[in-house]
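Take a walk through this protein chain, from its overall build to one annotated residue.

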Amino acid sequence: MAGETKDVAAITPDLVRLLSETAPTVVVLGDAILDVWLSGHCERICREAPAPVVDVDARALSPGGAANTAANLAALGARARFVSVVGDDEPGRELAALLDSHGVDTENLLTAPSRRSISKQRVVADDQVLLRFDEGDRDDLPAVQTNRLTKALENALAGADALMVCDYGNGLLGKPLRDAVARLRADIPLLVVDAHDFEHWRQARPDLVTPNAAEAASLLGADLPEPGEERARLFEDERRTLLDKTGAAAAVVTMDRHGAMLLTGEGRGYRTWADPAPESQASGAGDTFAAALVLARAAGLPTTSCMELAQTAANVVVHQDGTAICSQAQLSLALSREREAAVPAGELARAVAAHREAGRRVVFTNGCFDVLHRGHITYLNEAKRLGDVLIVAVNSDESVRRLKGPDRPVNTAQDRAAVLSALSCVDHVAVFEEDTPIELLKLLEPQLYVKGGDYTENMLPEAPTVRSYGGEVRVLGYVADHSTTSVIEKIRTSAPVGEGA
């Protein structure tokens, strides 16, 4: 496995190329599912029952379940090996052909003549899913097939950088398979588990588990709060219980349109924010998220960087039809499009007006952000939690020179804005020429103005402006030993900076 990179700021198209060059080998073990989408139009009701009649004009096939995770891994640049079982039937053959076409290694995709392949068929009329019907066997795999699958897994793991387990409770991964993974654990560099019942995998001691919000609440024996900060606080407060129940070193709780949260044994959870889409568009987005997450982690990226890449990949597929796959090119394009030049003031003002009209709480902060570090990321996440939309105003290069001296900034305003925009917690970035963002605050009138904890409200020349239009000023917590000046000094003296966040 590649050595762990220390650059936490470079969530850019260059990072996609790095993943392609690294090309980790990732084994996916789990349920093979064929997704079928029957699409057409509905203009009438059936005569013999009050049921809509759909005139189907298209049939689309996609890898589903663990097969979708494998296909996404291959599309993003991994060497993906798929370990599973299908029946000796048409859905099984169609799925195997699909995986081959996506570049997935199917050498260890076994065929069980007595087993019916699992398929999920959706009927869609004018972008509305009307019906889903499932076919296939979900009984526990017989001992003979389990032994074959165990040997296939051992074969696939030779030289692999990671194992991604996708256990959707369809009878494939019973106790013998789980025991085998636990037995092989010492030779698996990275183990990531996505399962309906994570406690079944506790003995394998995963590096990372990826429950959704409902699964995480179930593990905690708690009622699932409404989406928002109360839900995030539940997972944060109970993170040690969650990790103990799953046996994992870390957990990423996915929260659909509300993003995802990284939980470790220490510190606050790290959040990402999603680009929401209708629920009908969200099929397979979790598989894409998991694929990008495990690929980036296997390539040696810090987990927070993996989170941001995974969120961007998921954002790509939720805006596509059917069970979609995110490719390297799509991910790179998404990163490029989202990281273009900062928004001009007039355009930003129109966006803020639209946010306000929609009832969204706008949070504003500013700074030089010359070299993004853990303190910045922690405080930007804190700022985002205080509202719905986060605007970050960045000092221009001339402004930074006036404030910091002739040898700053290290990075141009365009680069600094691009890196900030790469964080899912940041919604808009603007560049201002003055020493303070007072004129921008007057133009936008955000409800909340925040600064990092190395300030007090009395130190902020912007505070009277914010109070004059009825806004609120808030000073957030301070993360010690993480200033841009200290990071630059460490770089110049060749001292190790550490992973950061």
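Two residues are in contact when heavy atoms of theirs lie within 4.5 Å. Keep that in mind for the chain as a whole. Among its contacts with a separation of 6 or more, 71% are between residues 24 or more positions apart. The model is a predicted one.

Start with the overall build. The protein chain has 501 residues, and buried residues make up 55% of them. It contains 18 helices and 18 strands. Its accessible surface comes to about 21500 Å². Carbon and sulfur atoms hold 48% of that surface.

Now turn to a sheet of four strands. It is open, and its strands run in the order E3-E2-E6-E7 with mixed pairing. Strand E3 (52–65) and strand E7 (128–135) are the edges, each pairing on one side only. On average, neighbouring strands of this sheet are turned by 20° against each other, direction ignored.

Both kinds of pairing meet at strand E6, residues 118–125. With E2, E6 runs parallel, and eight bridges join the two. In that pair, Ile-33 stands opposite Ile-118 of E6. With E7, E6 pairs in the antiparallel sense over seven bridges. Here Val-123 faces Leu-131 of E7. Ala-125 stands opposite Gln-128 in E7. E6 and E7 form a hairpin, with two residues between them.

How covered is strand E6? Mostly: seven of its eight residues are buried. Elsewhere on this sheet, helix H3 (residues 90–101) lies across strand E2 (32–45) and E3. H3 runs at about 60° to E3.

Five strands form it in the order E16-E15-E14-E17-E18, and the pairing is parallel. Its edge strands are E16 (428–432) and E18 (472–475), each of which pairs on one side only. From one strand to the next, the twist averages 25°.

Look at one end of this sheet. Strand E17 (residues 448–451) runs parallel to E18, and four bridges join them. Leu-448 stands opposite Glu-472 in E18. Helix H15 (residues 413–421) packs on the sheet, where it touches strand E15 (389–395) and E16. The direction of H15 makes about 160° with that of E15.

Next, the cysteines. How many disulfides does the structure hold? The count is zero. A residue is called buried when its relative accessible area is under 20%. Cys-166 has a relative accessible area of 0%, so it is buried. Cys-306 is also at 0% relative accessibility, and therefore counts as buried.

Finish at the annotated residue. The UniProt annotation "active site", from an unreviewed entry, covers Asp-287. Such annotations may be inferred rather than shown by experiment. Where does Asp-287 sit? Its place is in helix H9, which spans residues 285–298. Is Asp-287 buried or exposed? Its relative accessibility is 11%, so Asp-287 counts as buried.

Which residues does Asp-287 contact, leaving aside its neighbours within four places in sequence? They are Gly-65, Asn-68, Thr-69 and Tyr-168. Gly-65 brings the reader back to the four-strand sheet, as strand E3 covers 52–65.

Definitions and conventions:
Residues numbered from 1 in each chain as written. Predicted model: local features only at pLDDT ≥ 70, side-chain atom pairs only at ≥ 80, totals over all residues. Heavy atoms only, no water. Buried < 20%, exposed > 50% of the residue type's maximum accessible area, 1.4 Å probe, protein only. Areas by Shrake-Rupley, 256 points an atom, 1.4 Å probe, with all protein chains shown as cover. Pairing = 2+ DSSP bridges. Axes fitted to C-alpha atoms, helices over the stretch in contact; angles between N-to-C directions. Disulfide = S-S within 2.5 Å.
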